[in-house]
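Work through these exercises with the sequence and the 3D view open. Try each task before you read its solution.

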Amino acid sequence: MRAGKSAGGRPVSRRELAGLTARTAIAAPLLLTGFPLRGPSAPSNRIGLGFIGVGWKGFEGCWGSLLQSFIRIESCRVLAVCDVDRRYRDRARAYVDETYGRRGCFSTADFREVLGRPGIDAVVIATPDHWHAVMTVWACRAGMDVYCEKPLSLTVREGRAMVEAARRYARVVQVGSQSRTNSRIRYGCELVRTGRIGKVREIRATCGPPPAPCLLPAEDTPDTLNWDLWLGPAANRPYNSRIHPMWFRAFEEYSGGGITDWGAHHFDLAQWALGMDHSGPVLLEPPSSGEPVGLRLRYANGTTLVHSSFDVEQGVTFVGTEGTVNLMAISGRAAFEPAHLGAGLRDPVVQGADLLGNAGHYEHFLECVRTRRTSAADVEIGHRTATVCHLANIAYRLRRPLRWDPVRETFVGDLEANRYLDRHRRAPWCL
Amino acid sequence: MVPLRVRSLLAWAGLILLARPGWTMPAGQDLASAMEALRRYEWGGDPRCLHEAEAAARTRPSVAEPLLVKAIREAATEAGAQRAARLLAVYGTDRAVPDLERMLLDPQRGAVALMALDGIPGSASTAALRRALRRVPDPLADGIAASLGARRDAAAVPALAALLRMNRPAARGALVAIATPAALNALDRYERAAPAAGRERAAADCVAAAARVGDRALAIRTLRRFAAPRYAARVRAAAFRALVEKDAEGRVARVRSALTGKDDALRLEAVRAVEEAPSESDPSAYLADWPTLAATTRTLLLEALGRRGDRRVLPLVRRSASSGPAGTRAAAIDALGQIGEARDVPMLARTAADGPAEIAQAARTALRALRGVDIERAILAQTEARRAAVRLQSLEALRDRAAVAAAPRAARRVADPYADVRRAALRLLGSLGSASEAPALLVRLRGTTDEDEREAIGDALNQITARWARQMEPVVLAAWEEATAPARPVLLHALSLVGGPRALEAVRSAVRDPSPEVASAAIRALADWPDASAAADLLRIVRTATDRVHRALAFRGYVQMCRDESISELDRLAMLRTAWGLANGAPERRQVLGALGLVAHPEALQMALMCADDPETRVEAEMAVVGIAERLPAESAPSFATALERIAAGASDQGLAARARAAATRLSGSTGAGR
């Protein structure tokens, strides 16, 4: 394994790789016996990947796209790409073939063909949110590990079903919360967790507003797009160009709006720093003004998480009795008050290894696939974070305080709110 | 950052949400009309009927519900039927179930009726779905099967088993979810009869169901079967995992057996089981075979124990950290970083100092990761260790831990006999020190002859001064009085951070110092002065300096002061006029124009315009013109609109052109005026 670029372009130092490789080398005898690769006749020790969804985040338009990040990693091999849009599918396949210097990447519009394909050990799911649960559960049943983009789910029940599938089928399922393997973010959260800013009085997390129903008029479907497959488990409706490829986020049938878009990052940091990765808030109080911002989420320990707006501030701000930490997901930008709290923050490249030894979110996933350990961004963590987002959307919708039981994962004594914990999925796309 | 267009769209979507019916009482149309409009609703149509219908469903459910059922049954459009079904899914009751059940058999309405029924909880809807399962066509049957599975409907197992025999994946998923003994038996029969291609999946489903089934004996029996070597690795792994959960009595023995066995799949699951064992159980019980475990297994276990965070295994971890293969030792040291105590610090510090590369790195990481109130005290003690390398590693760790309390000890280490330790101490003080530690720095500054060390001391001093300017003022001034020539350049920067008349006086006198190094540093200090009190000094240097570098520094510093918006605009304008007169060449004129752009005065605009025709300064002049025009009150300079239009027309930078056009419009007082 040579030193090169990690996901996102950050150079991976030889020392980091040495740390990873030594551990991996120790695990290598396990690989040579054919585990965890599927089948005793696996052609190489590389992990075979299938990409489901090679549009915006998957490949097409996003800095640090998943396909471009994974394909640089020596320990895996991209064997298949899948997208319901032929334009993206063809471009992604061409990119893979060109990168490897030979034709051979399988491409299809139907993800079921990826799940049934020999040699594929894991799938990377970067489709719109409404597909995440079905694809993840079906992939687990098919014996594949899963990297699933955030937000993990469209509903609370879907998230729980994904956790169940990962556990029952003994699969590694990692969510695309890249902050979880960012050393700067981890440093900031550790400061909060270890009480360096005193008792946390308030956390403010920025994200956009809730989604709205999709009532757009019908348009002609492009020839390149299998619209019925794009819809999948979502209710049937005609195509509109404002839905595909990336503005689906605005609509509740496919996503959780701005709440899940950046909330999946920023609420995640709040959960992490509070030690709530297996729990959640107990009370939600939407603003009486009806504004789609300002929701207050209270945790059992008394801390309040406030939904803030990008117009006011950026990132997540932890306000403690002895200091303040502000963190911005993805970029890893961190600010501290008093400033000396940031003295231990180093550029990961200079430091050589971050605090917990993970060398990038994607490498971490592959390491977990090899060693079968639980990911630092495990599906349960992703589910709990997505749940916070879904609860927020439900609270905004119903415009009244809601009590939540994070153990039972139901609203307390609220039949109406509980009816929003799941949604109907169009057959045959069922969990 | 979410692109602006997407943010706008999301904001728009949010506004739509605000208009939702739950937020205001419905007005206008009566409910019947709204339902009629809903029945005929088409995508992109007027959404008011949807709001009315939802408001009615929430506030008058007994009235709205039959109307919604009717809207589905008689819907003229699929959109209308769907919207009605979505409301019933949230607000429907048992009263709607009979009609919806009948609609399940309607090819036109079946899917929509299922959408509604799926959301209605309770035994009535469950029974309706169960009855319909064998009567509806295939795609719908899958949806019903999934719904029955989610409801854990044990009574549906026979019908689901029949679907399973027809190889319906939805039936498999439902039976796994229901997970009664009957469901498990159906899955088991299916697996035994499954063709080779599908047997692994069928086996995995059996394991998943067995993991959920309430009959513990049946579960254990089934899981044991699938943990056998003849099944695929992932099936064995899942079965093992479930067995560990189900069979508490046999857990320890099972895990121990897997850890010592040859089955890699089970071995990895066993490691995981150790990590995730209930917190009340002592993991040591699983590790009784430690001496006979393979090195790879030990390494994986140590990593898992670290993640588990259980201090009961500390003796084992400590032993592993001190001897054995490198990978195992490193894993043990990593684990110490998670669960270690203060007494582990000396070993970690020693290992960080001179262990083999991977192990030393693990030790450094562990020193930074250790938690506990006494940890920093323990690391502090290591700053007095006999070995320099240990002192060095300790200081670095304290700095990375942001241990402010370490600053006084670091101040002592500034006089350490070893250069590396001194540097580490200086770095720590730079990050964490305060005015209290400055005297130690100054003593060292006086005593050192090492140029690099002097620079490092200067860095630390400057960082402290930047944080604690007020407290550092007397310290720095006193040091200046006693400073020898080599130390003076270092202190001059600190003086510029301190500011104030006394510091300025000191710097002023240093400009005339016979040492060129001191004089240069003094001019740099003046150029970095925090306010305009040094302006006159800089001007004098510009006018009189014979050294080109000094002059250039002073000029730049002077112009930089003109950017200080606490100085009145007229004063800044006067300063910039002076600077303009002294500017030597285009680069310096460009500097002046850069500062001029911040002065909101018509004369400044005039000055900038005069430079717009000079190709060497045109770009900066235009930027200054636009910047000034944006700051001017509209009524103060309408005559400049034409000039701005000209800039807009000729600018290659589209952003600047747009700004110029906007400024022109504003100054001319109306849209299109002056064009």
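**Exercise 1. Two domains of one chain**

Task: How many salt bridges are there between domain 2 of chain A and domain 3 of chain A? Then describe the interface around them.

Solution. 

Step 1. Count the salt bridges. There are five between domain 2 of chain A and domain 3 of chain A. A salt bridge is a side-chain nitrogen of Lys or Arg within 4 Å of a carboxyl oxygen of Asp or Glu. Find A:Arg160 and A:Glu380: their side chains meet in a salt bridge, 3.0 Å from N to O.

Step 2. Know what you are looking at. This is a predicted model, in which local features need pLDDT of at least 70, side-chain atom pairs count only at pLDDT 80 or more, and totals for chains, interfaces and linings use all residues. Residues are numbered from 1 along each chain as its sequence is written, chains are lettered from A and ligands numbered from 1 in the order in which they are written, and side-chain values use heavy atoms, with hydrogens and water left out.

Step 3. Chain A is assigned domain 1 (1-33), domain 2 (34-179) and domain 3 (180-211 + 257-421). These bounds come from an automatic or database domain assignment. The centres of domain 2 and domain 3 of chain A, taken over C-alpha atoms, are 26 Å apart.

Step 4. Size the interface. In domain 2 of chain A, 42 residues are in contact with 39 residues of domain 3 of chain A. Contact means heavy atoms within 4.5 Å. The two domains bury about 3500 Å² between them, and carbon and sulfur atoms give 62% of it. Buried area is the accessible area (1.4 Å probe) that two parts lose on being put together, summed over both. Three residues, A:Val156, A:Gln174 and A:Ser179, supply 21% of the area that domain 2 of chain A buries against domain 3 of chain A, more than any other three residues.

Step 5. Name the main contributor. On the side of domain 2 of chain A that touches domain 3 of chain A, helix 7 of chain A gives the largest share, eight residues. Helices (H or I, at least four residues) and strands (E, at least two) are DSSP runs, numbered from the N terminus.

**Exercise 2. An arginine in a loop**

Task: Is A:Arg372 buried or exposed? Which residue's side chain does its side chain join in a polar contact of 2.7 Å?

Solution. 

Step 1. Locate A:Arg372 in the loop between helix 13 (361-371) and helix 14 (379-398) of chain A.

Step 2. Check accessibility. A:Arg372 counts as buried because its relative accessibility is 5%. The cut-offs are under 20% relative accessible area for buried and over 50% for exposed, with partly exposed in between (1.4 Å probe, protein chains only).

Step 3. Find the partners. The side chain of A:Arg372 makes the 2.7 Å polar contact with that of A:Asp145. A polar atom of the A:Arg372 side chain also lies 3.2 Å from the backbone oxygen of A:Ala170.

**Exercise 3. Chain against chain**

Task: How many residues does each chain bring to the contact between chain B and chain A?

Solution. 

Step 1. Chain B brings 87 residues and chain A brings 86.

Step 2. Together they bury about 7300 Å², 57% of it on carbon and sulfur atoms.

Step 3. Seven salt bridges cross this interface. One pairs A:Glu252 with B:Arg86, with the closest N and O atoms 3.3 Å apart.

Step 4. Helix 1 (residues 4-18) of chain B gives the most to chain B's side, with 12 residues.

**Exercise 4. Backbone exceptions**

Task: Which residues does a cis peptide bond with omega of about 15 degrees join? What is the phi of B:Ala402?

Solution. 

Step 1. Most residues other than glycine have a negative phi, and most peptide bonds are trans.

Step 2. The cis bond joins A:His244 and A:Pro245. A:Pro245 lies in the loop between helix 9 (227-231) and helix 10 (257-261) of chain A.

Step 3. B:Ala402 has a positive phi of about 55 degrees, although it is not a glycine. B:Ala402 counts as buried, at 0% relative accessibility.

Conventions:
A polar contact is a pair of N or O atoms within 3.5 Å; within protein, one must be able to donate a hydrogen and the other to accept it, and residues adjacent in sequence count only if both atoms are side-chain atoms.
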